[in-house]
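Subject: Structure for your files

Dear colleague,

Here is the structure I said I would hand over. Please open it first; my notes on what was found follow below.

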Amino acid sequence: ALRATAVVEVGTGTGVSGLWLLRGMAPDGVLTTIDTEAEHQRAARQAFAEEGVRPTRVRTITGRALDVLPRLADGAYDLVLADCDPVELPEHVDAGLRLLRPGGVLAVAHALHHDRLPDPARRDEVTTTMREVTRAIRDDDRVVPAFLASGDGLLLASRR
């Protein structure tokens, strides 16, 4: 829907979500994907190659997102997907919002945290952090939020 040409993915994994992102992007779009594990990056590059994705469409960066995100350009991205360590999510959300152009979208994967989020008895660090992130996005005047409760949940925030 965004016809995205510049996307950041925090948490490469084996490249599955990266492939879906690339399929939804403009044909000349570039995916920047960040992961701490070099092995994840290798697996993702192999998956991209097997799918016929041109190497110029993907920029893989091995490192901590908290170290990499500050080096990316402000307001230059159409979409930022945070599929990462939930404990670091507040910092990733702040950085992601800074990276988005007006109309760009922040997407937080696994926002229901295995159905723990709606259970008030769950007070572990990860669940508490996810609740705080959800509230912060809901109350942030810079975005228009939406929450999709399908599967493990997807929290979206469109930058004003």
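Contact here means heavy atoms within 4.5 Å. On that basis, among contacts in the protein between residues at least 6 apart in sequence, 64% join residues at least 24 apart.

Two notes on the source. This is a predicted model, in which local features need pLDDT of at least 70 and side-chain atom pairs count only at pLDDT 80 or more, while totals for chains, interfaces and linings use all residues. Residues are numbered from 1 along each chain as its sequence is written, and side-chain values use heavy atoms, with hydrogens and water left out.

Overall build

The protein has five helices and seven strands. Both are DSSP runs numbered from the N terminus, helices being H or I with at least four residues and strands being E with at least two. Along the sequence the order is β-α-β-α-β-α-β-α-β-α-β-β.

The radius of gyration, taken over C-alpha atoms, is compared with a globule rule of 2.2 Å times the number of residues to the power 0.38. For 160 residues a compact globule would come out near 15 Å, and the protein has 15 Å, which agrees. Its C-alpha atoms fill a box of roughly 45 × 35 × 30 Å along the principal axes.

Surface and charge

Buried residues make up 45% of the 160 residues. Buried means under 20% relative accessible area, exposed means over 50%, and partly exposed is in between (1.4 Å probe, protein chains only). The protein exposes about 8,300 Å², of which carbon and sulfur atoms supply 54%. These areas come from the Shrake-Rupley method with a 1.4 Å probe, and for residues only the protein chains shown count as cover.

There are 20 positive and 24 negative charges, and their mean positions are 4 Å apart. Lys and Arg count as positive and Asp and Glu as negative, with His and the chain ends not counted. Each charge is placed at NZ of Lys, CZ of Arg, CG of Asp or CD of Glu.

Strands

Two strands pair if DSSP finds at least two bridges between them. Strand β4 (residues 77-82) is largely enclosed by the rest of the structure, because six of its six residues are buried. Strand β1 (residues 6-10) pairs with β4 in the parallel sense over four bridges, and Glu 9 has Leu 81 of β4 as its bridge partner. β4 also runs parallel to β5, joined by five bridges; here Tyr 77 is partnered by Leu 100 of β5.

A separate pairing links strand β6 (residues 143-148) and strand β7 (residues 154-159), which is antiparallel and has six bridges. Within it, Val 143 stands opposite Arg 159 of β7. The hairpin of β6 and β7 has five residues between the strands, and Gly 151 there takes a positive phi near 60°.

Two threonines

Thr 32 sits in strand β2 (residues 30-35) and is buried, at a relative accessible area of 2%. Apart from neighbours within four places in sequence, Thr 32 is in contact with Val 7, Val 8, Glu 9, Arg 59, Ile 61 and Tyr 77.

Thr 12 lies in the loop between β1 and α1 (16-24). Thr 12 is buried, with a relative accessible area of 2%. With neighbours within four places again left aside, its contacts are Thr 33, Ile 34, Asp 35, His 40, Gln 41 and Ala 44. The C-alpha atoms of Thr 12 and Thr 62 are separated by 9.4 Å, although these residues are 50 apart along the chain.

Two histidines in a loop

His 110 lies in the loop between β5 (100-109) and α5 (125-139). His 110 has a positive phi of about 60° although it is not a glycine, and is partly exposed, with a relative accessible area of 41%.

His 113 lies in the loop between β5 and α5. His 113 has a positive phi of about 45°, and it is not a glycine either. Is His 113 buried or exposed? His 113 is buried, with a relative accessible area of 10%.

Regards
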